[in-house]
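Subject: Handover of a structure and the findings on it

Dear colleague,

Please find the structure below, together with its sequence.

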Amino acid sequence: MEAGMAVKVLKSQRVVLGQEICSASIVLKDGKIQDIVKDSDKNKLHLGQAMDFGDLVIMPGVIDSHVHVNEPGRTDWEGYWTATRSAAAGGITTIVDMPLNSIPPTTSLRHLQTKLQAAEGQCFVNTAFWGGVIPGNEQELRPMISAGVPGFKCFMIHSGVDEFPHVTEKDLHKAMAELQGTGSVMLFHAELELEDLKQTGKSKADPCEYSTFLDSRPENMEVEAVQQVCQLCLRYQVRCHIVHLSSAKALSITDAARKAGAPLTVETTHHYLNLAAEHIPRSATHFKCCPPIRSQVNQEKLWHALKEARIDMVVSDHSPCTVGMKKLGTGNFLEAWGGIASLQFGLPLFWTSAKKRGFSLQDIVMLLCQKPAELSSLASRKASLLPGYDADIVIWDPDKEYEITEECVHHKNKLTPYLGCKLHGEVIATIVAGKITYIKGQFAPEPPGQLLFVK
Ligand SMILES: NC(=O)N[C@H]1NC(=O)NC1=O
């Protein structure tokens, strides 16, 4: 079993097949799943030599639909080579790259082509690309859809980078009208600047305390933005998606909109489910992200909402930067880059916390694979172990405990709030398009990931 090898038959006693977990063999051919043969199948074919993984879990590879790769232009923050290696080491078989933080941002067909050139030949996992909506680029949206982007992200507040300006409600009306009837989806960074906060001006509170940053981005910023998104979604009947929901308070609004017929989905991230404001040390700016990590009480509400399917999926929002930009020297939360690096650790982070709350392996497949695949219009070929589907598979040990150390991090910049954490769930091997892209610390000599375009 070597990295780079094409796999013919895989077997284990714990294969996640829909709602069932059973002993089965998976036959792969030409990058696809050709057949699934359960051990209970009396008419078992002769399968030849299988790679036998004993009782390790075999399931569809994780799909992380919220990843900032930053190449070209800010490749020192993160690039395709390093991002997709860390994804492969984390059991992810497809990422969907966000349209901002790279220069250029993916806001036109020409810029998309630049991104594709940058990614070509560098991806250890499959990579699809979100487009971006910025003021005045409505005419670029349909050409980008024709080129295969699954949808578009916009910011309702400053994005953190000047070349990706945020939109106003007026811009959104134009973009939504353009997307009507296309089947495309609009992704919203849902925070709005509040008038009363603007008037209060700069706080005199200590910028090295996490609470100072948290107070600068209260829950109502999310609540008001989500309200606006829901109204647009209901009016235009264009698929809308709230990225990285942090405030559980906004869920009553999304619930009501969905009930009223809005084609709306909601994601949250591993950091909102695993980190809590009360435990963020003074000056620990590597915990800064937007919207902010909130209280423990809020976190439990997010877990409940996930259980009740009021939140549809969990993703990383991997948004790394150089170590210097995190301003660890001064520890000033207000000046540090907002964004958390965690791409590699989504699966074990989620499992470690989710299993304590009664989630199952089948729930993982739903929340980390199938729902993000649906969002990205990839579900007809990915995220299920079914004949005809792409052979994108993870083999992992949910019981193995290990500690995150700098040596095991494959992100370009190793700073992550999870250093030193003990997690359950070790990825043993990741298969992309039928080839082993990662196995036990080794990567394929040639990156097997494909650039993905949706029809
Ligand atoms: N520009 C950028 O990556 N922003 C991301 N960072 C973060 O913390 N939230 C985001 O949306």
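This is a predicted model: local features need pLDDT of at least 70, side-chain atom pairs count only at pLDDT 80 or more; totals for chains, interfaces and linings use all residues.

Which strands pair with β10? On one hand, β9 and β10 are joined in the parallel sense by two bridges, and G131 has F152 in β10 as its bridge partner. A right-handed β-α-β unit is made by β10, helix α4 (residues 169–179) and β11.

These strands belong to an open sheet of six strands, which has parallel pairing and the order β9-β10-β11-β12-β13-β14. At its edges stand β9 (131–132) and β14 (313–315); each has a single partner strand, so one side of each is left without a neighbour in the sheet.

Further along this sheet, β11 and β12 are paired in the parallel sense through four bridges, with F188 opposite I242 in β12. Strand β12 (residues 239–242) in turn pairs with strand β13 (residues 264–269), again in the parallel sense, over three bridges. Two of the partners in β13 may be located by name: T265 is the bridge partner of H241, and V266 is that of I242. How do the side chains of β12 point? R239 and H241 point one way and C240 and I242 the other way, and all are buried. Helix α12 (residues 361–375) lies across β11 (185–189), β12, β13 and β14, and runs at about 95° to β14.

There is also an open sheet of three strands, in the order β6-β7-β8, with parallel pairing. Its edge strands are β6 (62–67) and β8 (126–129), each of which pairs on one side only. From one strand to the next, the twist averages 20°. Strand β7 (residues 92–97) and β8 run parallel and are joined by four bridges, and T94 is opposite N126 in β8. Across β6, β7 and β8 lies helix α1 (residues 80–89), which runs at about 140° to β7.

I turn next to the ligand. There are 13 residues around it, and G160, C289, S319, G338 and G339 come nearest. By class, this shell consists of four nonpolar, eight polar and one charged residues.

G329 is located in the loop between β14 and α11 (346–356). Is G329 buried or exposed? It has 10 other C-beta atoms within 10 Å; 12 or fewer count as exposed, so G329 is exposed. The C-alpha atom of G329 is separated by 34 Å from that of C123, and the two residues are 206 residues apart along the chain.

With kind regards

Definitions and conventions. Residues are numbered from 1 along each chain as its sequence is written. A residue is near a molecule or strand if its C-beta atom, placed from the backbone, lies within 6 Å of it. Ala, Val, Leu, Ile, Met, Phe, Trp, Tyr, Cys and Pro count as nonpolar, Asp, Glu, Lys and Arg as charged, and the others, Gly among them, as polar. Two strands pair if DSSP finds at least two bridges between them. Axes are lines fitted to C-alpha atoms, for helices over the stretch in contact, and angles run from 0 to 180 degrees between N-to-C directions. Two residues are in contact if their C-beta atoms, placed from the backbone, lie within 7 Å. A residue is buried if 20 or more other C-beta atoms lie within 10 Å of its own, exposed if 12 or fewer, and partly exposed in between; C-beta atoms are placed from the backbone. A crossover is right-handed if, with the strands pointing away from the viewer, the path from the first strand over the helix to the second runs clockwise.
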